Amino acid sequence: GKGVEVSDPAGAVKGIFEAQSKKATDLISGTAQLDEMIRQAYEAADPKTSKEKRNILILGLQNSFKAITSAISGTADAVQQQEFNRANAPLDSLNIFKSLVDPTSTSKFMRANPEAFAKGLEGVRNIAARKAIQQYEGAYQIHKDFPQNYPKSALPTLPKYMQDIRESLKPQIIEKSQLPKAQPVTTRGGVQFQRR
């Protein structure tokens, strides 16, 4: 007989769902690393932290930059290097190896600013979080369209702060009763209209 063409819209989006879920998972993992780096940077900035512990924390943070490039993955290498240099700047003055090679950096030695570093990382984390949410939303929409094929359990779990960001990005629906009453308009001829 005659062949029947069967369409499979759920199957057609499988690759998109998997790619967006994986990208969101990777970005969430990158932001988790950044969270730990931020915590350590604030600990290093705390005046109660001993000098030895502070130096260990800062040198450890300088060696943790894979987390930053993971969090901003998807950008060009030049952009990643620029972001690396920008975020590293507050700690760069403590780089003992650089101070041995570059005499001009010895005057800045021991003047690292871990609090500024933490603030910079918070900015990178927010960018990565928004990228993760964007990927999550794409996969979530496919889940909503095909819940039998793509259950919610297949989606990554958003950390609490990302859930809050996601909620803040949703458009607010205003009920008609919440809208302010419009003032009546009177034409030159004296006819009054009520705006709705």
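Select Lys14 to begin: this residue is partly exposed, with a relative accessible area of 44%. Here buried means under 20% relative accessible area, exposed over 50%, and partly exposed in between (1.4 Å probe, protein chains only). The model is predicted: local features need pLDDT of at least 70, side-chain atom pairs count only at pLDDT 80 or more, and totals for chains, interfaces and linings use all residues. Residues are numbered from 1 along each chain as its sequence is written, and side-chain values use heavy atoms, with hydrogens and water left out.

**Stop 1: helix 2**

The side chains of Lys14 and Glu18 form a salt bridge (4.0 Å, N to O); the term denotes a side-chain nitrogen of Lys or Arg within 4 Å of a carboxyl oxygen of Asp or Glu. Glu18 is partly exposed, at 44% relative accessibility. Because Lys14 and Glu18 are four residues apart in helix 2 (residues 14–45), about one helical turn separates them. Helices (H or I, at least four residues) and strands (E, at least two) are DSSP runs, numbered from the N terminus. An α-helix has 3.6 residues a turn, so residues three or four places apart point the same way.

Next, select Arg39 and Glu43, which also lie in helix 2, four residues apart, about one turn of the helix. Their side chains meet in a salt bridge (3.1 Å, N to O). Arg39 is partly exposed with a relative accessible area of 43%, and Glu43 is partly exposed with 23%. The whole structure contains eight salt bridges.

**Stop 2: helix 3**

Select residues 51–62, the twelve residues of helix 3. At 1.5 Å a residue they should span 16 Å, and the end C-alpha atoms are 17 Å apart, which agrees; the expected span is 1.5 Å times one less than the number of residues. Which residues of helix 3 are buried? They are Arg54, Leu57, Ile58, Leu61 and Gln62. These residues cover an arc of only 135° around the axis, and therefore lie on the same side of helix 3; the arc is that of the directions from the helix axis to the C-beta atoms. Glu52 and Ile56, on the other side of helix 3, are exposed.

**Stop 3: helix 8**

Move to residues 160–169, helix 8, where Arg166 is found. The buried residues of this helix are Met162, Ile165 and Arg166. Viewed down the axis of helix 8, they fall within an arc of 100°, so they line one face of the helix. Lys160 and Ser168 are exposed on the other side of helix 8. The buried residues of helix 8 pack against helix 2 and helix 7.

Now centre on Arg166, which counts as buried at 12% relative accessibility. Leaving aside neighbours within four places in sequence, Arg166 is in contact (heavy atoms within 4.5 Å) with Ile133, Tyr136, Glu137, Tyr140 and Leu158. One of these partners, Glu137, meets Arg166 through a side-chain salt bridge (2.1 Å, N to O). This pair links distant parts of the chain, with Glu137 in helix 7 (residues 114–145) and Arg166 in helix 8, 29 residues apart. Glu137 counts as partly exposed, at 29% relative accessibility.

**Stop 4: the nonpolar cores**

Select Phe17, Tyr136, Tyr150, Leu155 and Met162, the residues with the most contacts inside the largest nonpolar core, which has 18 residues. Such a core is a set of buried Ala, Val, Leu, Ile, Met, Phe, Trp, Tyr and Cys residues joined through side-chain atoms within 4.5 Å. Helix 2, helix 7 and helix 8 each supply at least two residues of this core, and helix 7 gives the most, with seven residues. Not counting residues up to four places away in sequence, Met162 touches Ile28, Thr31, Ala129, Ala132 and Ile133. A second, separate core of 14 residues includes Met37, Ile38, Leu57 and Phe117.

**Last stop: the whole chain**

Finally, display the entire protein, with its eight helices and two strands. Read along the sequence, the pattern is α-α-α-α-α-α-α-α-β-β. Of the 196 residues in the protein, 31% are buried. Residues 24 or more positions apart account for 67% of the contacts with a separation of 6 or more.
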